[in-house]
Amino acid sequence: FESDRRLNMAVKKTRLQRKKEKESLKQAWGYLVLILALLWLIVKLGLPALVKMSTFIGNLRQPEPIEQTAATPVLPPRLEALPADTNKAQLNVAGYSQEGTTVKLYLRGLSVTETIADKEGRFVFSDVNLRVGENEIYTVAGDDKGNTSDRSNVFVVSFDQSAPQLTVETPSESDRFFDNDNPITVAGQAEAEVTVKINGRIVKAGDDGSFTTQLTLEEGDNQIEVLAVDRAENETVKLVTVNYTP
């Protein structure tokens, strides 16, 4: 029995080996057919065409990339300096922005006009009308894709055409002075925060606008000019003529 068992096992091994040999032979024939087919394609189409075909097939298997377009930010415009106070009803507003952007001018919170920044980025709004009192001015830029910037720097311009109040308390018109009266005292009252000039010389005024100074007279008639100028450059002038006899 032992010899029969060994014989059966040998027969089984022989069958398995033959089966494996057949499968290996089939794979070899398959590789051979594939190689021959590739050689035929190279001869028929040429190597460059074959490379292009393989690249095309590879691209079909790869998903197309999704294009992402990032929005280019629009930078805030920059305004040139504007006066804090003015007595002029109109002023020019100028500044710089990105080339080709649409710049809108805002006055007291409302968009009043717009213009295009030139190739150097400069823009100008001419003869902008002001209202009496404070005028808040700023600009905003935008591009043709609908993107807008933040606000530019902001200026508040006060429009005032009222002449400042001014009173000369001493001397009075036609006062006469003699001998030791020279120099005399010139004093008066103006509005707060104004510049006072007496005969062209600046005189320091107090916080309440009061002023006083000494003035040397010449023999004969002396005209004294007192000028008050506020921050908007409005002026008030008072003239007093006095006489001095040494």
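Colleague: Why is Ile35 called partly exposed?

Modeller: Ile35 has a relative accessibility of 47%, and since buried means under 20% relative accessible area and exposed over 50%, with partly exposed in between (1.4 Å probe, protein chains only), Ile35 counts as partly exposed. Ile35 lies in helix α1, residues 2-45, where a helix is a DSSP run of H or I of at least four residues and a strand a run of E of at least two, both numbered from the N terminus. Please bear in mind that this is a predicted model, in which local features need pLDDT of at least 70 and side-chain atom pairs count only at pLDDT 80 or more, while totals for chains, interfaces and linings use all residues. Residues are numbered from 1 along each chain as its sequence is written, and side-chain values use heavy atoms, with hydrogens and water left out.

Colleague: Which residues touch the most other members of the largest nonpolar core?

Modeller: A nonpolar core is a set of buried Ala, Val, Leu, Ile, Met, Phe, Trp, Tyr and Cys residues joined through side-chain atoms within 4.5 Å, and in the largest one, of 18 residues, they are Ile198, Ile224 and Val226. Among the elements that give two or more residues to this core are β12 (195-198) and β15 (220-229). A second, separate core of 16 residues includes Val93 and Phe125.

Colleague: How do you know that Arg176 is in contact with Asn243?

Modeller: Contact means heavy atoms within 4.5 Å, and, leaving aside neighbours within four places in sequence, Arg176 is in contact with Asn243 and Thr245. The C-alpha atoms of Arg176 and Asn243 are separated by 4.7 Å, although the two are 67 residues apart along the chain.

Colleague: What makes β1 (78-79) and β6 (122-129) edge strands?

Modeller: Each pairs on one side only, in an open sheet of 3 strands with the order β1-β3-β6 and antiparallel pairing. Two strands pair if DSSP finds at least two bridges between them, and β3 (residues 90-96) and β6 pair over 6 bridges.
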